[in-house]
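Here are my notes on the model, point by point. Please read them with the structure open.

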Amino acid sequence: MKKQLSILGATMLFSTVMLGSVNTFAATTPDPSTAETPVTAKLTIPNPTKPTPPTGSEGGGDKEEPITGGFGIAYTPASLSGTADLKTTGNQEISLSHPVSTGTPAVTKYNVGVQDKTRKKDQNWQLKASLSWTGDTNNYMAGTSIKTTDGTVKENIAGVLQTANPSEVSAANTELSIGDTEVEVMNAINGQTMNGVYNYQFQNPKLSIPDVTKVSAGDYTGKINWNLSTTP
């Protein structure tokens with residue numbers, strides 16, 4: 001009988017030890033189990049430097065515009081002029097160029113630049129152009145246009161033209177016919193981060209007269225109106 005009690009006592013003692021071990025190593029739930037640390041960052045865009053028009057064989061006939069911020073027309077062709085004897089009938093195209101001083105290489109390429117360093121992904125803009133005449137009260141130049149060829153879009157990096165990202169900006173056409181109704185020159189592609197100076201270059205500008213019989217001889221003054229606008 002004593003032997004049986006001894007065994008029973010040992011069994012009870014073993015059970016107590018095991019139970020204590022379970023309680024000692026049981027998992028507990030953390031409270032709190034998560035925490036947060038606020039982080040803020042204020043990022044600003046410094047006022048960019050004024051863009052430089054292309055130089056050398058890529059330019060030479062462009063003028064800077066009074067751009068003061070990160071978005072606007074940076075430069076345009078300085079001037080175009082031409083002289084010709086009018087034909088008797090039909091249409092006529094008169095070559096235009098930028099006058100240069102003696103000994104200076106002739107200008108063959110002309111540029112208009114748009115600076116967009118806003119870094120906005122939803123920035124969608126269009127550059128358009130139209131032609132108007134001053135003092136032409138008799139509308140002799142009505143229907144005339146300026147035609148250009150070899151239009152390309154590139155990125156102007158410190159005055160040097162380089163290949164532009166085609167997913168950021170594109171040309172409306174390689175040939176332009178700029179008349180009294182606005183035509184698109186180039187446009188930004190929505191959804192891209194704009195951060196550069198985008199350059200449209202053209203060559204061989206000509207004044208196109210559709211019917212010379214309606215034009216009187218004389219000196220005419222006109223201008224290309226460049227219009228940069230954003231669209232929703």
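This is a predicted model: local features need pLDDT of at least 70, side-chain atom pairs count only at pLDDT 80 or more; totals for chains, interfaces and linings use all residues.

Is Tyr198 buried or exposed?

1. Every value below is computed from it, so read each against the cut-off where one is given: for instance, buried means under 20% relative accessible area.

2. First ring pair. The count comes to two aromatic pairs. Tyr110 and Phe202 form a stacked one, with 5.7 Å from centre to centre and 20 degrees between the planes. Tyr110 belongs to strand β4 (residues 109–116) and Phe202 to strand β11 (residues 196–209).

3. Trp125 and Tyr198 have ring centres 6.4 Å apart. Their planes stand at 45 degrees, so this pair is tilted. It also links distant parts of the chain: Trp125 is in strand β5 (residues 125–134), Tyr198 is in strand β11, and 73 residues separate them. Tyr198 is buried, because its relative accessible area is 1%. Trp125 has 0% relative accessibility and therefore counts as buried.

4. Salt bridge at strand β1. The structure holds four salt bridges. One of them joins Lys50 and Glu64, with the closest N and O atoms 3.8 Å apart. Lys50 sits in the loop between α1 (2–24) and β1 (62–64), while Glu64 is in strand β1, 14 residues apart. Lys50 has 43% relative accessibility and so counts as partly exposed. Glu64, at 43%, counts as partly exposed too.

5. Glu58 and Lys109 meet through their side chains at 3.4 Å, N to O. Glu58 lies in the loop between α1 and β1, and Lys109 in strand β4, so the bridge ties together parts that are 51 residues apart in sequence. The cut-off for buried is under 20%.

6. The side chains of Lys147 and Glu93 form another salt bridge, 3.8 Å from N to O. Lys147 is in strand β6 (residues 145–157) and Glu93 in strand β3 (residues 92–95), 54 residues apart. Lys147 is partly exposed, with a relative accessible area of 33%. Glu93 is partly exposed at 44%.

7. Largest pocket. The largest pocket holds about 720 Å³ of space. Its lining has 31 residues, and Leu80, Ser81, Leu96, Trp133 and Tyr220 lie nearest the centre. Elements giving two or more residues to this lining are β2 (71–77), β5, β11 and β12 (221–230). The largest share, five residues, comes from β12. By class, the lining divides into 18 nonpolar, nine polar and four charged residues.

8. Second largest pocket. The second largest pocket has a volume of about 160 Å³. Its lining includes Leu131, Ser132, Trp133, Asp136 and Asn139. Met141, Ala142, Gly143 and Thr144 are also among the lining residues, as are Gly179 and Asp180. Four of the lining residues are nonpolar, five polar and two charged.

Note on methods
Residues are numbered from 1 along each chain as its sequence is written. Side-chain values use heavy atoms; hydrogens and water are left out. Rings of Phe, Tyr and Trp (its six-membered ring) pair if their centres lie within 6.5 Å; planes under 30 degrees apart count as stacked, over 60 as edge-to-face and the rest as tilted. Helices (H or I, at least four residues) and strands (E, at least two) are DSSP runs, numbered from the N terminus. Buried means under 20% relative accessible area, exposed over 50%, partly exposed in between (1.4 Å probe, protein chains only). On a 1 Å grid over the protein atoms alone, a cavity is a set of points where a 1.4 Å probe fits but cannot get out, and a pocket is an open set with protein on both sides within 12 Å along at least five of seven lines; lining residues have an atom within 4 Å of a point. Grid points are joined across faces, edges and corners, and a volume is the space filled by probe spheres set on the points. Ala, Val, Leu, Ile, Met, Phe, Trp, Tyr, Cys and Pro count as nonpolar, Asp, Glu, Lys and Arg as charged, and the others, Gly among them, as polar.
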